[in-house]
Amino acid sequence: MHGRKREAKEVKHSSARVEARRRKAKLYAELSRECFARRNQKRYDEETLALCQKLLEMNCELYTLWNHRKEYLEPILLGSSSDAKGAAEKELKLIEACLQRNPKSYCCWQHRKWVVDLANRLPNAEEAALDRELGLCDLLLSVDERNFHCWSYRRFVCSLHKAREPEVELDFTTDKISQNFSNYSSWHYRSALLPEINKVTSFEDLVRGGGGENTTTTTSSSSVGVKRVLPPHVLDEEFGLVKQAFFTEPEDQSSWLYHAWLINHLVENEKKFGSYGDERVGERLEQEVETCNEILEIEPESKWPLLTLARLLEAQAA
């Protein structure tokens with residue numbers, strides 16, 4: 001691990017350490033055999049669940065045991081009993097303990113999604129529970145802001161949290177990017193939030209369709225066309241933000257990939273809707289060419305500004 005002194009070999013491989021690892025391995029093997037035997041027997045008693053919990057705390061990547069717990073929990077969480085909320089909270093505590101040991105466990109995050117999804121459907125579900133999930137994400141992302149498992153889970157929670165405004169999430173990504181430009185998950189989340197925040201429905205489409213909830217760009221008489229096109233001033237702000245990242249970390253690919261998304265958004269929406277005007281698009285492409293040339297003067301061997309420059313010149317020639 002970074003920042004930790006390497007232990008001396010005589011300490012790392014001392015007889016006491018070796019014996020402790022041997023006992024732990026023996027316990028793990030015995031516990032594993034017992035848990036999987038009970039899984040095959042489809043036992044869901046308290047003793048079995050406690051043994052499985054102990055084993056998952058030792059190794060949270062045993063997806064078979066998570067599935068075993070699903071089989072036990074599903075009838076409870078889908079029912080209307082008063083025990084459902086308590087069962088969900090107990091399971092979430094177990095998952096949280098496992099995430100403290102392995103915050104990038106696929107099994108843990110998928111199981112947590114499953115539990116939260118069902119718990120959110122309960123008659124007594126509260127938004128405060130989703131707020132707590134976002135708080136957990138805040139905590140884990142403060143430790144590792146590039147944990148893409150946690151970012152994915154955060155987007156999932158926000159999709160359930162109807163009171164959570166996308167503008168709040170956009171501010172959150174801005175904070176994380178300011179802390180560390182090398183954060184692909186944060187840039188990616190931003191590319192999903194901005195079109196949602198800036199979606200526009202024309203008056204004519206409202207008259208035709210009425211609701212404004214359709215997410216496609218359609219002219220059907222039965223639905224409303226929503227155009228997710230970023231306004232020019234928003235694009236300018238985003239190009240300014242990503243430019244800061246370029247000059248701070250020119251070799252980091254995450255900001256360059258976000259820049260490619262911005263350029264594609266600019267060019268494609270001009271082709272489809274004439275959203276910006278040829279002159280504005282031409283000016284923006286020229287500005288980005290100049291930025292790449294400036295960076296290449298400082299870092300002539302840098303791959304990403306060179307690749308981006310080639311793509312910009314191709315877009316200008318189109």
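Author: Below are notes on the pockets and then on a loop residue. This is a predicted model, in which local features need pLDDT of at least 70, side-chain atom pairs count only at pLDDT 80 or more, and totals for chains, interfaces and linings use all residues. Residues are numbered from 1 along each chain as its sequence is written, and side-chain values use heavy atoms, with hydrogens and water left out.

Reader: What volume does the largest pocket have?

Author: About 400 Å³. A pocket here is an open set of points on a 1 Å grid over the protein atoms alone, where a 1.4 Å probe fits, with protein on both sides within 12 Å along at least five of seven lines; lining residues have an atom within 4 Å of a point. The volume is the space filled by probe spheres set on the points, which are joined across faces, edges and corners.

Reader: Switching to Asn180, where does it lie?

Author: In the loop between helix H9 (166-179) and helix H10 (184-197).

Reader: Buried or exposed?

Author: Asn180 is buried, at 17% relative accessible area; buried means under 20%, with a 1.4 Å probe and protein chains only.

Reader: What does its side chain reach?

Author: The Asn180 side chain reaches the backbone nitrogen of Ser182 at 2.9 Å.

Note on methods:
Helix = DSSP H or I, 4+ residues; strand = E, 2+ residues; numbered from the N terminus. Buried < 20%, exposed > 50% of the residue type's maximum accessible area, 1.4 Å probe, protein only. Polar contact = N/O pair within 3.5 Å; in protein donor to acceptor, adjacent residues only side chain to side chain.
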